[in-house]
Amino acid sequence: MKNRLNIEAINHLAIRISNDLDPNQIAIPLGSCHSVLCAAPAYLNQHDPITHPNQLQQHNCLSYDYFGTTHWKLSKGDQYYRIPISGSISSNEANVLLFSSLHGSGISQQPLYSAQPFIHNGSLVAILSDWNFTCTRYSRYLCF
């Protein structure tokens with residue numbers, strides 16, 4: 001079998017959720033992970049409602065710095081926006097951004113599986129949920 005993996009030869013194994021893999025990594029796709037933009041009601045109550053992606057530029061957008069990007073890509077039908085973002089918090093750990101959002105610090109991109117319980121109980125609100133957050137379909141990879 002050409003896709004057979006010699007597990008005994010692996011000395012480092014990681015599972016990553018990313019579209020941007022290091023070119024030196026060998027990866028096997030394991031599945032998909034969808035994301036959502038979200039913020040706490042306390043943060044949103046201090047601002048006008050967000051109805052269009054361009055409005056994100058006027059907000060404190062908490063960024064995941066592992067990807068090295070400071071923009072979010074959103075689309076809806078034939079509309080496509082690449083929105084530059086900036087904010088007071090940048091982290092390479094999604095939970096830091098999740099807890100910052102929960103405490104009203106700003107808007108963050110979160111894996112849907114992490115944010116959904118908080119959206120369900122009202123601690124977070126999904127933003128622009130009728131838009132496709134195109135950076136959100138991260139594949140899980142077995143990296144070695």
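This briefing describes the fold of one protein chain and then looks at a few of its residues and elements.

The model is predicted, so local features need pLDDT of at least 70, side-chain atom pairs count only at pLDDT 80 or more, and totals for chains, interfaces and linings use all residues. Residues are numbered from 1 along each chain as its sequence is written, and side-chain values use heavy atoms, with hydrogens and water left out.

**The chain as a whole**

- The protein chain has three helices and 11 strands, where helices (H or I, at least four residues) and strands (E, at least two) are DSSP runs numbered from the N terminus.
- Read from the N terminus on, the elements follow the order β-β-β-α-β-β-β-β-α-β-α-β-β-β.
- Of the 144 residues in the protein chain, 35% are buried; buried means under 20% relative accessible area, exposed means over 50%, and partly exposed lies in between (1.4 Å probe, protein chains only).
- Among contacts in the protein chain with a separation of 6 or more, 78% join residues 24 or more positions apart, a contact being heavy atoms within 4.5 Å.
- The accessible surface of the protein chain comes to about 8700 Å², and carbon and sulfur atoms account for 49% of this surface; the areas come from the Shrake-Rupley method with a 1.4 Å probe, and for residues only the protein chains shown count as cover.

**The two open sheets**

- Strands of a sheet pair through backbone hydrogen bonds, either parallel or antiparallel.
- Strands β3 and β8 run antiparallel and are joined by four bridges, and Q110 in β8 is the bridge partner of V36.
- Another open sheet has three strands in the order β6-β5-β10, with antiparallel pairing; because β6 (79–84) and β10 each have a single partner strand, one side of each is left without a neighbour in the sheet.
- Strands β5 and β10 pair in the antiparallel sense over two bridges, and L74 stands opposite F133 in β10.

**Strand β8 and S108**

- Five of the five residues of β8 are buried, and both faces of the strand are covered, with I107, Q109 and P111 on one side and S108 and Q110 on the other.
- S108 lies in strand β8 (residues 107–111) and is buried, with a relative accessible area of 0%.
- The side chain of S108 makes polar contacts with the side chain of S101 (2.7 Å) and with the side chain of Q110 (3.1 Å); a polar contact is a pair of N or O atoms within 3.5 Å, where within protein one must be able to donate a hydrogen and the other to accept it, and residues adjacent in sequence count only if both atoms are side-chain atoms.
- Leaving aside neighbours within four places in sequence, S108 is in contact with V36, L37, C38, L62, W72, L97 and S101.

**Helix α2**

- The buried residues of helix α2 (residues 94–102) are L97, L98, S100 and S101, and they lie on the same side of α2 because they cover an arc of only 165 degrees around the axis; the arc is that of the directions from the helix axis to the C-beta atoms.
- These buried residues of α2 pack against β3 (35–39), β4 (61–64), β7 (90–91), β8 and α3 (112–120).
- E93 caps the N-terminal end of α2, with a side-chain oxygen 3.2 Å from the backbone nitrogen of N95.
- G104, which follows α2, has a positive phi near 85 degrees.

- The structure holds one salt bridge, in which the side chains of K76 and D130 meet (2.9 Å, N to O); it links distant parts of the chain, with K76 in strand β5 (residues 71–76) and D130 in the loop between β9 (125–127) and β10 (132–133), 54 residues apart.
- A salt bridge is a side-chain nitrogen of Lys or Arg within 4 Å of a carboxyl oxygen of Asp or Glu.
- K76 counts as partly exposed at 33% relative accessibility, and D130 counts as partly exposed at 49%.
- L128 lies in the loop between β9 and β10 and counts as buried at 8% relative accessibility.
- L128 has a positive phi of about 55 degrees although it is not a glycine.

Conventions: Pairing = 2+ DSSP bridges.
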